[in-house]
Amino acid sequence: MNARLLLLCLTLSPLCALADAVRVSLQPRAAEGKGLPELRVHIEEPIAGFELKLERGDGKQVRVKGGGKPGVTRALPLEQPEGRFHYEGELVVRFPDAEEASIPLSFDTELLGPLQLTVVPEDVDVEGRTLRFTLSRPAARAQVTVLMDTGKKAFDGEVPFDGAPAGKPLEVTWPAAEGKVLRISLKAFDTSDFYTGVDLFPWRVDIPHEEVNFPSGSADVPAAERRKLDASHALITDAVTRYGRFAELRLYILGHTDTVGDTDSNRKLSLERARSIAAYLRKRGLKLPIFYEGLGEQSPRVATQDETDEAANRRAEYILAVEPPALAPTPTPPQWRKL
């Protein structure tokens, strides 16, 4: 071997170095969509060029030629599918005097698919001050912030998971604090230090109000009932002022009827009345996004027989939230319509 190519094996890598002229390092992992694993050739003395010759574990051949002046580092991305691959080969270096020498290469790389973090609504237990989630790769740690409506943080720190297996339910908790939980910010890291995150808003504000009395079979807001919606507008505006600085709020209007009449007609009527309320509040000057839906007789406040005239069931709900609010199960799930 040429005396200028003294080989030094790296303690943290299976690669070796051409200590006097060329040094080789490896970036073995990358996340799909954010780069590729790559071999880096650091040129430290004059060379005429180099050629990388590799065979990937699936038989794919890699051939790359390059060069550069001393002080230059050539990054050689290794195109590969998602997953782990082994490479064998050599780096052949040519010198200005036409001599050649090579360094054997043997290493593994991994291209990681998107890191998936899964949280379902029932995994957020605000009263129990617990959040559960899963990660698609072994978990190293999570950074968690729990913000209260007082503006203070109930928790702001890191939770270790010590390489918990992919798919294993993970849990974070936080201490009791004054106020309502407004936002839970979660950033989860895998054991390769890649991360993904989500902001959760597990809360809602139900706006108290007087019910609008619509004429039988009608969705038009009577003039005498408008004062009720004016009062509701003021309460909604106050709530937006209080909570809107923490997140972008939406208003959800949900209409209900009693059991007088057929099911389909009642649902249509409740939908039209919810839309009328939403339209009035918009005309009154409410600027936040408004969504509406009608459940008809599917979610009564008071259980009754069919064809029962029950005033308590002729009602609407005004809900401020960041995400569609959780509702009691119904035969037909809500399909929120944007005004």
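Colleague: Where is Arg245 placed, and why is Arg245 called exposed?

Modeller: Arg245 sits in the loop between α1 and β20; helices (H or I, at least four residues) and strands (E, at least two) are DSSP runs, numbered from the N terminus. Exposed means over 50% relative accessible area, buried under 20%, and partly exposed in between (1.4 Å probe, protein chains only). Arg245 has a relative accessible area of 60%, so Arg245 is exposed.

Colleague: What kind of model is this, and how are the residues numbered?

Modeller: This is a predicted model, in which local features need pLDDT of at least 70 and side-chain atom pairs count only at pLDDT 80 or more, while totals for chains, interfaces and linings use all residues. Residues are numbered from 1 along each chain as its sequence is written, and side-chain values use heavy atoms, with hydrogens and water left out.

Colleague: Which residues does Arg245 touch, not counting residues up to four places away in sequence?

Modeller: Asp149 and Val240, where contact means heavy atoms within 4.5 Å. The C-alpha atoms of Arg245 and Gly151 are separated by 9.9 Å, and these two residues are 94 residues apart along the chain.

Colleague: How do you know that the span of helix α1 agrees with its number of residues?

Modeller: The expected span is 1.5 Å times one less than the number of residues. Helix α1 (residues 226-243) has 18 residues and should span 26 Å; its end C-alpha atoms are 26 Å apart, so the two agree.

Colleague: Which residues of α1 are buried, and what makes them line one face?

Modeller: The buried ones are Lys228, Leu229, Ser232, His233, Ile236, Ala239 and Tyr243. Seen down the axis of α1, they fall within an arc of 140°, so they line one face of the helix; the arc is that of the directions from the helix axis to the C-beta atoms. On the other side of α1, Arg227, Asp238 and Thr241 are exposed. The buried residues pack against elements including β17 (181-190), β20 (250-255) and α2 (263-283).

Colleague: Why is α1 called roughly perpendicular to α2?

Modeller: The axes of α1 and α2 come within 10 Å and cross at roughly 65°. That makes α1 roughly perpendicular to α2, since the term covers 65 to 115 degrees, with under 35 roughly parallel, over 145 roughly antiparallel and the rest oblique. Among the residues that meet there are Leu229 and His233 in α1 and Ile277 and Tyr280 in α2.

Colleague: What makes the span of α2 agree with expectation, and what covers its buried residues?

Modeller: The 21 residues of α2 should span 30 Å at 1.5 Å a residue, and the end C-alpha atoms are 30 Å apart, so the span agrees. Its buried residues include Leu269, Ala274 and Ala278, and their cover includes α1, β20, β21, β22 and β23 (337-338).

Colleague: Why does Lys268 count as exposed?

Modeller: Lys268 lies in helix α2. Its relative accessibility is 55%, so Lys268 counts as exposed.

Colleague: Why do Ala98 and Glu307 get their accessibility labels?

Modeller: Ala98 has 63% relative accessibility, so Ala98 counts as exposed. Glu307 has 48%, so Glu307 counts as partly exposed.

Methods: Axes fitted to C-alpha atoms, helices over the stretch in contact; angles between N-to-C directions.
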